[in-house]
Amino acid sequence: MASRMNSVAMSLESDNQSLISDIRKTMLMFKDIAVDLEADNQSQMVKELEVGFVQLLESTGDCMNFSSAIESVGKGYEPKEGLADFKKLFDDEIERQKARTSIVPEKDPLFRQFTAAIWNVNHAGQPMPGEEEEDIIVTSTQSNLLNLTCPLSGKPIIALSDPVRSVDCKHIYDKKVIMQFIKATKGQQAKCPITGCPKLLRADRVVCDPLLRIEIEEMIAMSKQTGLTNIIEDFTDLNEEEQSE
């Protein structure tokens, strides 16, 4: 029963991740349209798109909480005597997830990228009000991708033809290389090759989830817009050094 619950939970989570991916694609479209409208001095329409962007951001947060609740209930369920009240289990977990997370648009990387893209139409290279000069680089390069190069092949994530991500630690790898790495353990549990990561890897939990490719597309778009490819690579090196300390 517990195994079936976990299987159903993974299926529901996958469906929900697909929905999140679609929302994120819409947010990217909103940003591109807002940039064009700003260039045409359509400030009112830009403001309306910003409101819609925030609403999509909040919907993404709700979906993320939903996914986390599904995963938690699926993994934590233990059969007991009598009928389980799954609605209560799920509702309680949703409330716990909401208590741990909150959407603050001004601090969210996606919203900051949205506002920065609009600002740069007429103020390229200038910090936005309330930001320092170095914040320009930070805002432009913020990403949800934990690592920007495969720890085994050394290839940039944006150059991988078949990227996959660990369900457990969220690190990203070149699929062929990581599968060979897992297979080479010969029955022993493979450990994530990212320095300092304690998570173990299983072939069935290293997948190309629906969000991965859209997040890579976002990174490619940011690289093209800012021309900061070298800086992005430097940030990857810094992250690896921090993890090894």
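**Burial and charge pairs, term by term**

Modeller: Arg165 is found in strand 1, where a strand is a DSSP run of E with at least two residues and a helix a run of H or I with at least four, both numbered from the N terminus. This is a predicted model, in which local features need pLDDT of at least 70 and side-chain atom pairs count only at pLDDT 80 or more, while totals for chains, interfaces and linings use all residues. Residues are numbered from 1 along each chain as its sequence is written, and side-chain values use heavy atoms, with hydrogens and water left out.

Biologist: Why is Arg165 called buried?

Modeller: The relative accessible area of Arg165 is 7%, and buried means under 20%, exposed over 50% and partly exposed in between, with a 1.4 Å probe and protein chains only. Arg165 is therefore buried.

Biologist: What makes Arg165 and Glu215 a salt bridge?

Modeller: A salt bridge requires a side-chain nitrogen of Lys or Arg within 4 Å of a carboxyl oxygen of Asp or Glu. The closest N and O atoms of Arg165 and Glu215 are 2.8 Å apart, so the pair meets that limit. It links distant parts of the chain, since Arg165 lies in strand 1 and Glu215 in helix 7, 50 residues apart.

Biologist: Which residues do salt bridges with shared partners join into one network?

Modeller: Arg24, Arg165 and Glu215 are joined in this way. Arg24 forms a salt bridge with Glu215, their closest N and O atoms being 3.7 Å apart, and this pair connects helix 1 (residues 2-39) with helix 7 (residues 210-226), 191 residues apart.

Biologist: How do you know whether Arg24 and Glu215 are buried or exposed?

Modeller: Arg24 has 4% relative accessibility and Glu215 has a relative accessible area of 6%, so both fall under the limit for buried.

Biologist: How do you know which class Lys87 and Asp91 belong to, exposed or partly exposed?

Modeller: Lys87, at 61% relative accessibility, counts as exposed, whereas Asp91, at 32%, counts as partly exposed. Lys87 forms a salt bridge with Asp91, the closest N and O atoms being 2.7 Å apart. Because the two are four residues apart in helix 3 (residues 86-100), about one helical turn separates them.
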